[in-house]
Amino acid sequence: MKLKYPSIYLSQKLKELGLRVGRNPIYFIVVPLFVSMVLATGLHKWHDERNMKYLFEPKNTRHVKEEEVIARLFPMNLSSDAHMGRMNREPNIAVVLVSAKDEGSMLRKKVFREIIQLDEIIQNIKTADNFTYKDLCARNNKRCFENSILFMQNEVEMIENKTYTIKYPLHEISRYEYQLNSLFLGGVQKTPEDYVKSAKVLRLVYYFNDDSSIGRNRVEEWQNLFLDRIESSTFQHITVYRTTSITMEQELFKVLYRLLPQLPISMLAVVIFSMLTCLYNSWIESKPWIGVIALISGGMSLASSFGLVMYFNIPFVVTAGCVPFLIIGKNCKLFKII
């Protein structure tokens, strides 16, 4: 009984609102349409923000503050002092994981020969300005980071013939020279004495100098070429998997742009559902056009809000990709209740 009075009150207020809309359609229909069209023009300034660190790391968190302190106390110069032990952050990298098609060991001559060919392909990738990996790499003592496992081309044949062995995770080459095999080899089977019997996966890593914005742009261009080049390459004995520092960002936005073309289909489905659920046994009580009105209202609110924030130069972020679906669904549900 108590719920009857709020229902009567709301009905009266909605009746008054309907009368005002009917008597003054310009104020309630034409003006909102005009304002929405004006604000929607801001969509021409559409731009994306793809920096994962910016999107997911709040500025004043403990992690960010301590990272700044470490960077100040232990400065890292990727153009001359890019030693792995001194890195206080992960620079831009490109990584390939290589496995044998027959699922055997990577330390075989025919397999290792194709890995050398793969490295040559990567080293020869050039940007539009003819920048290669050697031009963009992080340097230590004027030398790029080197995948030292590739220097074992002669030893691999002896390993296959079981006349030479290497240790895992650390192999002593000479009294003052060591090779960190755990950085390059994965799926390792070893003897009780830590000698490698086989390795299912081999990893190659390429570090870049991204200290400047210009350098980052060039590195990103190279990484895009790297991803495309590796994808188009085929080998007889090896399977290659690749990733870079920008791979996750690209995948997130690929998902978003795969969803956006589905928006018209979802809108149509929501409208049809709303129209059907607004039908009753009596045509007098049925309100099928409420679904269409809800869709138009939601579309206007989306265009207006996104256009307005774009005028303030606010970038679009991937997490906002679900907003159109939420607003349209909520509007249709609200109009159905009304």
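Let's start at Cys137, which counts as buried at 2% relative accessibility. Buried here means under 20% relative accessible area, exposed means over 50%, and partly exposed is in between, with a 1.4 Å probe and protein chains only.

Before I go on, a word on the model. It is a predicted one, so to speak of local features we need pLDDT of at least 70, side-chain atom pairs count only at pLDDT 80 or more, and totals for chains, interfaces and linings use all residues. Residues are numbered from 1 along each chain as its sequence is written, and side-chain values use heavy atoms, with hydrogens and water left out.

Back to our cysteine. What does Cys137 join? A disulfide ties it to Cys144, S to S 1.8 Å, where a disulfide is a pair of cysteine sulfur atoms within 2.5 Å. The structure holds one disulfide. The link of Cys137 and Cys144 is left-handed, with -60° about the S-S bond, and Cys144 is buried too, at 16%.

The largest nonpolar core has 51 residues, and Ile115, Trp222 and Phe226 have the most contacts inside it. By nonpolar core I mean a set of buried Ala, Val, Leu, Ile, Met, Phe, Trp, Tyr and Cys residues joined through side-chain atoms within 4.5 Å. Among the elements giving two or more residues to this core are helix H5 (109-123), strand E7 (196-207) and helix H8 (213-232); helices (H or I, at least four residues) and strands (E, at least two) are DSSP runs, numbered from the N terminus. Another core, of eight residues, lies apart from it, and includes Leu256 and Phe306.

On to the rings. There are nine aromatic pairs: rings of Phe, Tyr and Trp (its six-membered ring) with centres within 6.5 Å, called stacked when the planes are under 30 degrees apart, edge-to-face over 60, and tilted for the rest. Trp46 and Phe306 are stacked, 6.4 Å centre to centre with 10° between the planes. That pair links distant parts of the chain, 260 residues apart: Trp46 is in the loop between helix H2 (25-40) and helix H3 (52-56), and Phe306 is in helix H11 (residues 289-311). Trp46 is partly exposed at 35%, whereas Phe306 is buried at 14%.

Phe208 and Trp222 make a tilted pair, 4.9 Å centre to centre and 55° between the planes. Are these two buried or exposed? Phe208 is buried at 0%, and Trp222 is buried at 0% as well. Ring pairs also link Tyr133, Tyr206, Phe208, Trp222 and Phe226 into a cluster. Thanks, everyone!
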